[in-house]
Amino acid sequence: MDIPHELFVGFSKSFGLFYLIALSIGITLYAFWPSLKERFDKAAKSILDDEDGPCR
């Protein structure tokens, strides 16, 4: 059985599209998950807390 090139290209483009959509949704859910808010706030503030003076 011979698979036409157009069918293979269409399948791989569709798979890639749905893969990237699912990955984007997963990353967005992770970033906005309520129980991780404290961790992200602590990480954002820790960068500012470490600056005591000018960099040398």
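L23 is partly exposed, with a relative accessible area of 40%, where buried means under 20%, exposed means over 50%, and partly exposed lies in between (1.4 Å probe, protein chains only). The model is a predicted one, in which local features need pLDDT of at least 70 and side-chain atom pairs count only at pLDDT 80 or more, while totals for chains, interfaces and linings use all residues. Residues are numbered from 1 along each chain as its sequence is written, and side-chain values use heavy atoms, with hydrogens and water left out.

The chain contains two helices and zero strands, these being DSSP runs numbered from the N terminus (helices H or I, at least four residues; strands E, at least two). Of its 56 residues, 2% count as buried. L23 belongs to helix 1, which covers residues 5–31. Together with F11, F15, Y19, L20 and I27, L23 forms a nonpolar patch on the surface with about 680 Å² of accessible area; such patches join nonpolar side chains (Val, Leu, Ile, Met, Phe, Trp, Tyr) within 5 Å and like charges within 9 Å, taking residues with over 30% relative accessible area and no salt bridge.

In helix 2 (residues 37–49) lies D41, which counts as partly exposed at 33% relative accessibility. The structure holds one salt bridge, defined as a side-chain nitrogen of Lys or Arg within 4 Å of a carboxyl oxygen of Asp or Glu. This salt bridge links D41 with K37, and their closest N and O atoms are 2.8 Å apart. Both residues lie in helix 2, four residues apart, or about one turn of the helix.

Definitions and conventions. Accessible areas come from the Shrake-Rupley method with a 1.4 Å probe; for residues, only the protein chains shown count as cover.
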